[in-house]
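Reader: Please show me the sequence and the structure, and then take my questions one at a time.

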Amino acid sequence: SKGVCYLQAWFIFGVITYAILGIYLITLVQKRRYRAREERLDRLVEKRTEELNLAKEAAEQSAHAKSEFLSTMSHELRTPMNAVIGLTHLLLTEELSDSQRTKLESLQFSAEHLLNVLNDILDFNKIESGKLELESRKFNLRCLLRNIHTGLQPKASQHEIELNYEVDERIPDLIVSDSTRLSQVLVNLLSNALKLPTRAASPPS
C-alpha cells in the first residue's frame, strides 16, 4: 500500500509539474507573440513618423519658397506701381483741363486700387491664417463710384455698352466702410458683366 501511495504521489507531482511547465510554455509563446506584435507596431509607428516628418519638411520648404517668391514679386510689382502713383500725383498738381484731370484721377484711383489688391495678395501669411480684417474708415462713396465708372468706361465703350450709375439722394457722401473691399467687389462684378453679351442694361443703383 505504501508503494501504491508513493506511485500516486509521484503521478500527481508529475501531472502538476507538466501542467506548470505547459502554462509556462504557453505564457512564453504569448509573450513572444506580443513582443513581435509590439515590434511590428513600433516599426510601423516609426515609419509613419518618418513619413510625417518628410511631409512636414516638404511643406515647410514649399512655404519658404512661396514666401521668397512673394517677397520678390512684392518688390517687382510695388516699385513701379508706386512710381505710377507718384507721377500721377505730380501731374495732378499742374494746370489741366477738366477732361485731363478726370482721366488722371481715374488713373490714380486704378493704380492705388491695384496696389491695395497687390498688398492683400502678397500678404501671404495673413491670407493663409484667415486674419484678413475689414477696415472701417470714412470715404466719399460718390467719388469712389465716379472713379470706378471712369476706369471701366473704355471697356464698356469697346462692347458698345452705355455704363451709368445712380446713387440714392438719401445716401450721404461720406460713409464708413472698407473702401478697398467695396471697390474690389464692384470692379469684379462690373468687369464680369462687361464680358457677357448684353442686349439691354439698366444703370446700377
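Author: R142 and D173 form a salt bridge, with their closest N and O atoms 2.7 Å apart. R142 lies in helix α4 and D173 in the loop between α4 and β2, so the pair ties together parts that are 31 residues apart in sequence. A salt bridge here is a side-chain nitrogen of Lys or Arg within 4 Å of a carboxyl oxygen of Asp or Glu. This is a predicted model, in which local features need pLDDT of at least 70, side-chain atom pairs count only at pLDDT 80 or more, and totals for chains, interfaces and linings use all residues. Residues are numbered from 1 along each chain as its sequence is written, and side-chain values use heavy atoms, with hydrogens and water left out.

Reader: Is R142 buried or partly exposed?

Author: Buried means under 20% relative accessible area, exposed over 50%, and partly exposed in between (1.4 Å probe, protein chains only). D173, the partner of R142 in the salt bridge, is partly exposed at 41%. R142 has a relative accessible area of 22%, so the residue counts as partly exposed.

Reader: How many salt bridges does the structure hold?

Author: Side chains of opposite charge can pair when their charged atoms come close. E51 and R48 meet in one of them, at 3.8 Å from N to O, and both lie in helix α1, three residues apart, about one turn of the helix. D168 and R170 form another, with the closest N and O atoms 2.9 Å apart. The number of salt bridges in the structure is three.

Reader: What separates the C-alpha atoms of I171 and R142?

Author: I171 lies in the loop between α4 and β2 (174–177), and at 33% relative accessibility I171 counts as partly exposed. I171 and R142 are 29 residues apart along the chain, and their C-alpha atoms are separated by 9.5 Å.

Reader: Where does α4 bend?

Author: Helices (H or I, at least four residues) and strands (E, at least two) are DSSP runs, numbered from the N terminus. Helix α4 covers residues 141–158 and reaches 26 Å from its first C-alpha to its last, close to the 26 Å expected at 1.5 Å a residue. A proline, P154, follows within four residues of the bend, which is at L152.

Reader: Which residue has a side-chain oxygen reaching the backbone nitrogen of R142?

Author: The contact is at the start of α4, and the distance is within 3.1 Å. Just after α4, E160 takes a positive phi of about 55 degrees. The residue whose side-chain oxygen reaches R142 is N140.

Reader: What pattern does the chain follow along the sequence?

Author: Buried residues make up 20% of the 205 residues in the chain, and those of α4 include L141, L144 and L152. The secondary structure comes to five helices and two strands. Read along the sequence, the pattern is α-α-α-β-α-β-α.

Note on methods: Expected span 1.5 Å × (residues − 1). Bend = angle between axes of the 7 residues up to and from the residue. Polar contact = N/O pair within 3.5 Å; in protein donor to acceptor, adjacent residues only side chain to side chain.
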